[in-house]
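I opened my notebook to look up how side chains pair up here. Below is what I jotted down, entry by entry.

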Amino acid sequence: MASLLLPLGSAFGKGLFANNQGISSDRVRALVVRCSNSDHKAEASRASEWRDEFNVIKRRDLMGLVFGFSSLFIDSFDAKGAGLPPEQKPRLCDDTCEKELENVPMVTTESGLQYKDIKVGEGPSPPVGFQVAANYVAMVPSGQIFDSSLEKGLPYIFRVGSGQVIKGLDEGILSMKIGGKRRLYIPGSLAFPKGLTSAPGRPRVSANSPVVFDVSLEYIPGLELEEE
């Protein structure tokens with residue numbers, strides 16, 4: 001409406017009255033009505049645009065709220081999933097055994113191998129080259145298991161002292177007796193010279209890094225029969 005109320009002294013006003021000797025009141029009213037209608041339409045158009053923009057903003061806010069809630073739910077679910085206890089794998093030394101081992105003296109050999117006897121067996125020790133059947137649980141120093149015969153359900157059979165297993169395991173079993181159970185603290189020089197790559201559920205073992213083996217000597221095929 002401000003554009004219709006120009007000062008009479010303006011150039012627009014002078015021109016308007018100069019070209020026309022007079023303007024009837026009806027024409028003025030018609031002009032005002034038309035302009036007024038035009039302004040109402042413009043205001044209605046702007047109001048419609050504001051409503052559309054407001055609706056877009058509301059939809060954006062709603063979508064943001066939905067996505068925010070979804071991400072919160074997913075993050076919460078992931079957090080709960082991450083807090084689940086790890087799968088309990090079979091071990092040769094349980095919690096009670098671990099506590100008892102604290103009071104068992106450590107034996108260190110000339111090679112640097114260390115061990116603690118969880119249980120001392122009976123009978124003879126295996127001669128070099130004899131087959132033995134042993135169960136084992138192999139761990140990194142932190143206690144994570146990277147290999148285990150218990151998970152496979154069968155003892156591991158190999159010729160002891162023949163280089164079929166790592167040096168620390170060979171040496172550790174050679175002085176065990178049937179039925180014995182021992183924890184071997186194997187230094188890197190007697191462990192895996194090339195290391196072991198990681199796998200699902202299995203930690204990586206670096207080259208020449210120390211490892212820990214819990215071993216039980218189940219039997220010595222053939223030697224038991226000879227002794228009888």
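**Charged pairs and rings**

I started with Arg-183, which counts as buried at 8% relative accessibility. A reminder to myself: this is a predicted model.

Which partners does Arg-183 have? I found a salt bridge with Glu-98, at 2.7 Å from N to O. Glu-98 sits in helix α3 (residues 95–101) and Arg-183 in strand β6, so this pair ties together parts 85 residues apart in sequence. Glu-98 is partly exposed, at 30% relative accessibility.

Arg-183 also forms a salt bridge with Asp-214, with the closest N and O atoms 2.7 Å apart. That one links strand β6 to strand β7, where Asp-214 lies, across 31 residues. Asp-214 is buried, at 2% relative accessibility. Shared partners join Glu-98, Arg-183 and Asp-214 into one network.

How many salt bridges does the structure hold? I noted four. Among them is Lys-152 with Asp-147, the closest N and O atoms being 3.2 Å apart. Lys-152 is exposed at 55%, while Asp-147 is partly exposed at 28%.

Next I turned to the rings. My search of the whole structure gave five aromatic pairs. In one of them, Phe-146 and Phe-192 have ring centres 5.9 Å apart and planes at 80°, so I logged the pair as edge-to-face. Phe-146 is in strand β4 and Phe-192 in the loop between β6 and β7, so the pair ties together parts 46 residues apart in sequence. Phe-146 is buried at 7%, and Phe-192 is buried at 17%.

I also saw that ring pairs link Tyr-136, Phe-146, Tyr-156, Phe-158, Phe-192 and Phe-213 into a cluster. Last entry: Arg-182 lies over the face of Tyr-115, 3.8 Å from the ring centre.

Technical notes:
Residues are numbered from 1 along each chain as its sequence is written. This is a predicted model: local features need pLDDT of at least 70, side-chain atom pairs count only at pLDDT 80 or more; totals for chains, interfaces and linings use all residues. Side-chain values use heavy atoms; hydrogens and water are left out. Rings of Phe, Tyr and Trp (its six-membered ring) pair if their centres lie within 6.5 Å; planes under 30 degrees apart count as stacked, over 60 as edge-to-face and the rest as tilted. Helices (H or I, at least four residues) and strands (E, at least two) are DSSP runs, numbered from the N terminus. Buried means under 20% relative accessible area, exposed over 50%, partly exposed in between (1.4 Å probe, protein chains only). A charge sits over a ring if NZ of Lys or CZ of Arg is within 6 Å of the ring centre and within 35 degrees of the ring normal. A salt bridge is a side-chain nitrogen of Lys or Arg within 4 Å of a carboxyl oxygen of Asp or Glu.
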